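Have a go at each one before you read the solution.

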Amino acid sequence: MWSFHSPQPTQPPSLFTPPRTPPKLPSSSLTLNPSISTLTPNNNQLIQSLCKRGNLKQAFELLSQETNPSQRTYELLILSCAHQNSLSLAQSLHSHISENGFDQDPFLVTKLISMYAALDSLYDARNVFDKTRKRTIFVWNALFRALTLAGFGEEVLGLYRKMNRTGIPSDRFTYTYVLKACVTSECLVSLLKKGKEIHAHILRHGFEAHVHILTTLVDTYARFGCVSHASSVFGGMPVRNVVSWSAMIACYAKNGKPFDALELFREMMVETHDLFPNSVTMVSVLQACAALAALEQGKLIHAYILRRGLDSVLPVISALITMYSRCGKLELGQLIFDQMKKKDVVSWNSLISSYGVHGFGKKAMQIFQEMIRQDVSPSPITFVSVLGACSHAGLVEEGKRLFDSMRKEHGIYPRVEHYACMVDLLGRANRLEEAAKIIDEMRIEPGAKVWGSLLGSCKIHCNVELAERASSRLFQLEPVSAGNYVLLADIYAAAKMWNEVKRVRKLLETRSLQKVSGRSWIEVKRKMYSFVSVDEFNPQIEEIQSFLIKLSAEMKEKGYVPQTKVVLYDLDEGEKERILLGHSEKLAVAFGLINTNEGETIRITKNLRLCEDCHLFTKFISKFANKEILVRDVNRFHHFQNGVCSCGDYW
């Protein structure tokens, strides 16, 4: 077991803070506006008017003299306390409401819970709920909303079960809140099961046509990575609004299906004439373009954003920076950043990450330091970006200093993703024992990201012992992830431990797991083309294969030696070379050479790490064919030109 010593991510402290003794209502020592008479018989209207004008203290003066406050008066006072962020006045008002016998009014109870939630006092909100004898669905919903927004999803689900036992029927707001509760904390398998149970509940109670509920359901499945479930819900929706379309596009974009995201966006534009994509839609579409390095598609989307006037929305601008950099146009991303009138931390993060994936670690560090000089406080994501940049550039000591500065200089406690970056940084540099030591000394439980970083590094440097340790934990944490089994089998194969290879592959078969096939995408004349290893469905496949065989033969004369060691099967050299020529990135490169004009850059995206042979092959191609080739694999950018790669063979 791993011990926990450091401060854990803090839950809202107000949930456990006992209620303070509420101050008494202000006495009439304040001088009232001369135009307001305290003798006016209808003080309720005056109190309400003062609340609407923001004069809360004067409203409280009059409240102390009003013998019969109305429900509407209390409602506006509650809203004003929340608006002016005054917990002390809120507690005083709550006492006044209780003393006047309104503490059991379901309408005001709902408002009180919402008020305390807005003031970050969940203890008081829960106290109001617990003391309420008649709990309407609105009272339950108010607490569900408060707890969900604060991140207490599992508590919401427990209360939801309790509510169902009382026989109170859910409404559309209930389902929305409890579905969101499933994804407020870590997306655990147990919470996915709860989400499916709520889905069944929705169907049983006739809410299967409600657009808001189904949209939330799409988003819930998307957060768990259940793309097929989300797609099924979306496909069955009788009515869809822009939020529904945006949720499904985001589901594809964030779950490794950018091609489907762009296709669905095209469908949205064609089929819906009365719906216009909003900023949220455009961010997801730009993310899909970035994932595919679809520069021409991205330019079209950028033009649409300009026409729709969405170019002033910060998340959209940040997504544009990322899109251009991921498409190999780092200078355009920098230009957009430079032209921004207002830069938030997300914008800075986008630029840092952009330079990082291109291997410009020192430049990323400089941008980070400039951000600090501009008094922009870094976020946890900032450190993920800059540590990742150090990892890609091999800046080990710089990365270690940054990691140490997180808590000491910026008050940010490292999370699992930061430790994963450090393990990756050290592992790539073949400092695997040091990486393992970091894991051993972690004060929080290492997750799959940390162990995955170690296993990936073991693959690069063929460290069997640490690979076995990392994979053992990963098999427990991610029992259905085929990639971990494949990596371990590859490490055994590289070490020529063929019996172990057979054992791991047998595990894959018995558990009905399938490895992710290598896939590459290329954009030619504004159309996206996809290739998988040994692709038999492309209409140009015979031409591509013949072209590759010819290229390979000619390059061998120039000094190219196929890296057959990457074929982890016990086969003869000729068969291994044939397999290498079928790799998806080689097919995409050949397709690009056949279908692009002279001087036109080839841009390719790969869903896995670029293998050593494809890397060497593409270097030779860039020189032999005098072609600039950009390949983005799962880790970083490779800019091939004149026989040299920008990564310096460090990836």
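**Exercise 1.** Find the helix that holds Y160, and decide whether Y160 is buried or exposed.

*Solution.* This is a predicted model, so let's read it step by step.
- Step 1: Y160 sits in helix α8, which runs over residues 153–166.
- Step 2: The relative accessible area of Y160 is 6%. Buried means under 20%, so Y160 counts as buried.
- Step 3: Now look at who touches it. Leaving aside neighbours within four places in sequence, Y160 contacts F144, S170, T174, Y175, V178, I198 and H201.
- Step 4: Take Y175 from that list. Y175 is 15 residues from Y160 along the chain, and their C-alpha atoms are 9.7 Å apart.

**Exercise 2.** Work out where the buried residues of helix α24 lie around its axis.

*Solution.* 
- Step 1: Pick out the buried residues of α24 (residues 432–440): L432, A435, A436, I438 and I439.
- Step 2: These residues span an arc of only 155 degrees around the axis, so they lie on the same side of α24.
- Step 3: See what they pack against: α23 (416–428), α25 (448–461) and α26 (464–477).

**Exercise 3.** Which side chain makes a polar contact with the side chain of K619?

*Solution.* 
- Step 1: Go to helix α32 (residues 612–624), where you'll find K619.
- Step 2: K619 has a relative accessible area of 15%, so K619 is buried.
- Step 3: Beyond four places in sequence, K619 contacts F640, G643, V644, C645 and D649.
- Step 4: The partner is D649: the two side chains make a polar contact at 3.2 Å.

Key: Residues numbered from 1 in each chain as written. Predicted model: local features only at pLDDT ≥ 70, side-chain atom pairs only at ≥ 80, totals over all residues. Heavy atoms only, no water. Helix = DSSP H or I, 4+ residues; strand = E, 2+ residues; numbered from the N terminus. Buried < 20%, exposed > 50% of the residue type's maximum accessible area, 1.4 Å probe, protein only. Contact = heavy atoms within 4.5 Å. Arc of directions from axis to C-beta. Polar contact = N/O pair within 3.5 Å; in protein donor to acceptor, adjacent residues only side chain to side chain.
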